[in-house]
Amino acid sequence: MRMTKTASWYTPIDRRWLSSAMAFTLMACGATPQEEAEGESTHIQEAELAGTTRVRLMAANISSGNNQSYDPGEGIRIFQGTKPDVVMIQEFNYGDNSTTAIRSFVNTAFGSSFYYYREAGAQIPNGVISRYPIIASGEWDDNQVDNRDYAWARIDIPGPKDLWVVSVHLLTASSTVRNTEAGNLVNFIKANIPTGDFLAIGGDFNSDTRSEPCFSTFSSVVSTASPYPADKNGNVNTNASRAKPYDHVLVNSALRTYQTSTVIGTSSFSAGLVVDTRVYSPLSDISPAQSADSGSTNMQHMAIIKDFLVPSDTTTTGVTVLSPNGGESWTTGNTYAITWSASGVTNVKLEYTLNGSTWTTLTSSTPASAGSYSWTVPTTATTTARVRVSDAANSTLTDSSDAAFTLTSSGGGGGSAQVRINEVLANEAGSDVNGEFIELVNTGTAAADLSGWTLSDATGTRHTFASGTSLAAGKAIVVFGAAAGIPSGVTNAVGASTAQLNLSNSGDTVTLKNSAGTTSDTVTYGSALSGTDGVSFNRNPDVTGTSFSLHTSVASTSSSPGKRANGTAF
């Protein structure tokens, strides 16, 4: 069990930030980036009527003192004064780094409603702190350094698109090494993040100039072009002496479209803000920050802020495709769930395309409130599939997948095998974590060769199936935290190859990938499904369901590893 991934629910955005919608008007009228902001209440109304939400992103390596931590408090005051919504934080150390200590830091600097993710086992860890729910998180290996990795999080911001952020801390060694790190990170991003979602890379790049090759490398996934954030005096550099551009918030073109001026108090910064308390005025606008904070002992970086006005969830009528929304890889001939959300719509029409232009109707009318439709996908392989959901009574209210997804004829374990996650016990009975388990079921019609398949949580790979592992059609296999946790009488079960599953009681993501690294199934759960000792969560209905419920809601027992929920054999 791991308890450091997420916190409790979030609170509505501070209305004072919505006042910064006035930046659009000031710029359109030829106002300078830092002109005094007037007409606050009028522009609050305009921002809300436009159906947008302000999201403030920050990159922050603003630890201080002698231990690369936030204990001295200068960085905390800067966080409190600037009120970011999402922070890509470096050197994420505080106190003894226990769950209690890190939670206390987040509560103090941001609020008890904020979520966070902090990479494990690093000397100077990267992390993400968010006002909005973190629905998945983890780390990707930085093979150029051994004391931190790239920390990523998928965040459910308001609106139809998720925000993916990556917190980075590149090496000081050389621009060549930094470019290698950039190339590796770009590969991770292209392999894991849907092209239709928002993306931000933020943190300490340790870059001497903006012409370093790493920026050209990063430009394949994010915009690196000017204009750049600046302080009150127009200085765009961010190291302690304010001579080099060490720190950055870089976003993809989809998100950059919505960038707006950063407005704090009576000041507006058209391209974003470099937070240097030594030159900021009036300092009362970022209280409780103090003028000496940015010059404190060993604070070697300035924080970077960029603001975005993204489309929000405020529309009263419409439909939104949830899945498949781009980037998925589904197996031809198998059944998957098309899911959507709808507001003010009674029935929806469902269609799909295999080539991006020719649409085929699945159903001309199905209840919008169902939110899900089981689809047996065609037998034609393609890389350009999308689905479309429309109001059955008004075709102008429509939404399609944000990006293409793939249909492949070689998924599963080969042939017509289809392996899926059926049951998970994240909160083992008592405190023996060996008893955690993940049950897989082959719902296809042929055996699946599981050699080299992996099971991961949001942090990393927990089990790799041994060569020669096979799962017959209609059968189950169970992976326990360790062999010692396999109960007597449970057959076709193995212990995790890493000797732990380390599933979080507060929420996690379990992912099954085949030997080629393609996702076969993934399940994200919250504390409602993992908060009861010894009670697993199971597909509902068993095996065929598209959603999960507590096992006690599916059957009379608390769990059923290796058996159907009703206790019978597969």
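By class, the lining of the largest cavity has eight nonpolar residues, no polar ones and no charged ones. Nonpolar here covers Ala, Val, Leu, Ile, Met, Phe, Trp, Tyr, Cys and Pro; charged is Asp, Glu, Lys and Arg; the others, Gly among them, are polar.

Some ground rules. This is a predicted model, where local features need pLDDT of at least 70 and side-chain atom pairs count only at pLDDT 80 or more, while totals for chains, interfaces and linings use all residues. Residues are numbered from 1 along each chain as its sequence is written, and side-chain values use heavy atoms, with hydrogens and water left out.

Back to the cavity. Rolling a probe the size of a water molecule over the atoms shows where empty space is left. On a 1 Å grid over the protein atoms alone, a cavity is a set of points where a 1.4 Å probe fits but cannot get out, and lining residues have an atom within 4 Å of a point. Points are joined across faces, edges and corners, and the volume is the space filled by probe spheres set on them. The search of the whole structure finds one cavity of 30 Å³ or more. The volume of the largest cavity is about 30 Å³. Which residues line the largest cavity? They are Val55, Leu57, Ile157, Leu163, Phe198, Leu255, Phe308 and Val310. β1 (52-60) and β14 (303-311) each give at least two residues to that lining. Strands are DSSP runs of E, at least two residues; helices are runs of H or I, at least four; both are numbered from the N terminus.

Next, a sheet. It is open, has three strands in the order β15-β17-β20, and pairs antiparallel. β15 (318-323) and β20 (372-376) are the edges; each has a single partner strand, so one side of each is left without a neighbour in the sheet. From one strand to the next, the twist averages 30°. The axes behind that angle are lines fitted to C-alpha atoms, and angles run from 0 to 180 degrees between N-to-C directions. Pairing requires at least two DSSP bridges between two strands. β15 and β17 (335-343) share five bridges, antiparallel. Valine 319 sits opposite alanine 342 in β17.

Now β23 (405-408). β16 (329-331) pairs with β23 in the parallel sense over three bridges. Tryptophan 330 has leucine 407 of β23 as its bridge partner. β21 (382-391) runs antiparallel to β23, joined by two bridges. There, alanine 385 is bridged to phenylalanine 405.

Two cis peptides. One joins serine 287 and proline 288, with omega about 15°. Proline 288 is in the loop between β13 (273-275) and β14. The other runs from asparagine 540 to proline 541, with omega near 0°. Proline 541 is in the loop between β34 (537-540) and β35 (547-550).

Then positive phi. Asparagine 206 is not a glycine, yet its phi is about 55°. It lies in the loop between β8 (198-204) and α7 (213-218). Is asparagine 206 buried or exposed? Buried, at 7% relative accessibility; the cut-offs are under 20% for buried, over 50% for exposed and partly exposed in between, with a 1.4 Å probe and protein chains only. Arginine 242, also not a glycine, has a phi of about 65°. Arginine 242 lies in the loop between α7 and β9 (247-251). Its relative accessible area is 10%, so arginine 242 is buried.

Definitions and conventions: 1 Å grid on protein atoms, 1.4 Å probe; cavity = no way out; pocket = protein on both sides within 12 Å on 5 of 7 lines; lining within 4 Å.
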